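This report describes the strand arrangement, the ligand surroundings and selected loop residues of one protein model. Please consult the sequence and structure shown here while reading.

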Amino acid sequence: MKITTLLLLTLMMTVPAVSQTPLLGGELSNSAATSVADIDEVLPRMKEIGLNTVLVPAYWELMEPEEGMFDFTLIDRTIDVARSENLNIVFLWFGAWKNSMSCYAPGWFKQDTKRFPRAQTASGKPMEIASCFSDNVLQADLKAFKALISRIAQKDPQHQVVTMIQIENEIGMLESARDHTALAEKAYNGPVPANLLKALGIKKGGTWSDVFGTDDYADEKFMAYHYACYVEQLAQAARSIHDMPLFVNAAMNSRGRKPGDYPSAGPLAHLIDFWNTGAPSIDFLAPDIYDTGFKSWASQYAIPARPQDGGKVKNRLFIPETRCSGNCGVRALYAFGEHDALGFSPFAIDQASPSETANITKAYNLINQVSSIEPKSKKNNWGLLFDQEDSERIIDDDGTVMTCRHFYTLPWDARATDGSVWPEGGAILIKLGKYDYIMAGCGVVVDFKTRTEKEQEQQKTLGEDGFTESGEGVESKPSDKFKGKRLGLLSVDEIEITPEGEFVYQRRHNGDQSHQGRHARIGTDDWKILHIKLYEY
Ligand code: DGJ
């Protein structure tokens, strides 16, 4: 047997395939699925990018252009083309509200303000936001939504194509934190429901202003609960017709703005108890992350199980929208690695150029590969995400201390200091066993130390060649006698992982590629999977 074949065989490790497929998504821009020709053109393109799921709007105005007359042309076409492309679809119900507004309600609804009242500011100014307190609004929206779900059930009874439904889109109040129509005022002056008080652990009941006060934040709570109750009606209908995961999405409350200035009362992290109580049939709340602070927003929506939740994860992270950019790929790696995300989906991916989506294709390819690793052989996993300001994370994995950094922290990379903007770097880090890790990503470097070695580490400035600058000394004082053991790299192999979970050796990283055994790294222009084994000395 040739030595290369022997090496290949010994480096292949077979692990059975897994069933858990991550949702590698992309959301279409708002008007991308409004004609058959556009649907025919866009979905195959999404397949080529490497998505397994496309988030596609279902437009109320085009589905029920005349009251009671439904036209499912666009829905049917989306399902048919997706089926032939082997893609999954998540429909986004652009019903009563889209980005707070009621712009996707049909003309007959918009024009009949008597039957379908708009929310009002405190001064009585109507907003283009249908009032969620109006039963007419709910019944009209519900009727159309039921028609949509029934059609999906007919076209795709086995859930082979349509896998989830988003109810409405970025519900929220703008211009005024609260609806002041007569119907809304009636609810506002009524008692806070007992189940909500219980969920919030509040003992003393009363009207909404008695319990929560009268500021914009109190108004936001009132609206959040009532929006949730409204959504619950749609969710229950969907469940009874054709059951599948249901979620709602939110625009983030960023930049220090107040309710009414940001789209308030939507499924925001600080309102989760109001939404969960009002809409128990919704499976999860999902953040649309456009603003800075990606990690922080993501962590607020990844809420693990607590004993009082009976072992059920309180909220699973799914990011239905995020800015489609060169940083999406590493952010996806982070979301799956750190938070076991259900899915990730850059917005308006159809409008991005191939050079802008290349990073997504590469990241999704890595995520697909690592998802083939048998879950029981994964002992732990983490997500890494770095930029210039947040460039290091130290993970102490049961005594194995991993110092993970942005690739540009390496002293010899000129782009670190020449004024270049650091592209974000990130990875999924998986522990297979003691001294045995997988790192899949782009733009990261990791070194490994024992805990005692890390504790005795001296901070030194490294020159561009990677060695200590002169004058800083290389040896510790004799009184600082070294205690314990050190960790070294036994091997760093670049691998590919087959759908069956086999590790296929590509090449060894040693010498200059591991800084002579000091670290494992993946450059900012590379997307790789490394299999890293360590030893003690
Ligand atoms: C968030 C919305 O949900 C999308 O439909 C779209 O309007 C984007 N904002 C635009 O940035």
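How many bridges join strand S6 to S7, and do they run parallel or antiparallel? Strand S6 (residues 162-169) and S7 are joined by 2 bridges and run parallel. The model is predicted: local features need pLDDT of at least 70 and side-chain atom pairs count only at pLDDT 80 or more, whereas totals for chains, interfaces and linings use all residues. Residues are numbered from 1 along each chain as its sequence is written, and side-chain values use heavy atoms, with hydrogens and water left out.

Helices (H or I, at least four residues) and strands (E, at least two) are DSSP runs, numbered from the N terminus. Two strands pair if DSSP finds at least two bridges between them. Strands of a sheet pair through backbone hydrogen bonds, either parallel or antiparallel.

S7, helix H11 (residues 272-278) and S8 form a right-handed β-α-β unit, meaning that, with the strands pointing away from the viewer, the path from the first strand over the helix to the second runs clockwise.

Why is S7 described as largely enclosed by the rest of the structure? The reason is that 6 of the 6 residues of strand S7 (residues 246-251) are buried; buried means under 20% relative accessible area, exposed over 50%, and partly exposed in between (1.4 Å probe, protein chains only). Leu-246, Val-248 and Ala-250 cover one side, while Phe-247, Asn-249 and Ala-251 lie on the other, and all are buried.

Elsewhere in the sheet, strand S2 (residues 53-59) and strand S3 (residues 88-98) pair in the parallel sense over 7 bridges. Ala-58 has Trp-93 in S3 as its bridge partner.

**The ligand**

The ligand is surrounded by Asn-30, Lys-98, Asn-99, Asn-169, Glu-170, Asp-288, Tyr-290, Glu-321 and Phe-347, each with a heavy atom within 4 Å of it. This shell divides into 2 nonpolar, 3 polar and 4 charged residues.

| Residue | Distance to a ligand oxygen atom |
|---|---|
| Asn-99 | 3.1 Å |
| Asn-169 | 2.8 Å |
| Glu-170 | 3.4 Å |

The protein covers 75% of the 290 Å² of accessible area that the ligand has on its own.

**Loop residues and S12**

Glu-374 is placed in the loop between helix H14 (354-370) and strand S12 (380-386). Glu-374 counts as buried because its relative accessibility is 13%. Its side chain makes a polar contact of 3.0 Å with the side chain of Lys-376. In S12, 5 of the 7 residues are buried, so this strand is largely enclosed by the rest of the structure. S12 pairs with strand S15 (residues 425-433) in the antiparallel sense over 7 bridges, and Leu-385 has Gly-426 in S15 as its bridge partner.

Lys-258 lies in the loop between S7 and H11. With a relative accessible area of 41%, Lys-258 is partly exposed.

How values were computed:
Polar contact = N/O pair within 3.5 Å; in protein donor to acceptor, adjacent residues only side chain to side chain. Areas by Shrake-Rupley, 256 points an atom, 1.4 Å probe, with all protein chains shown as cover. Nonpolar A, V, L, I, M, F, W, Y, C, P; charged D, E, K, R; others polar.
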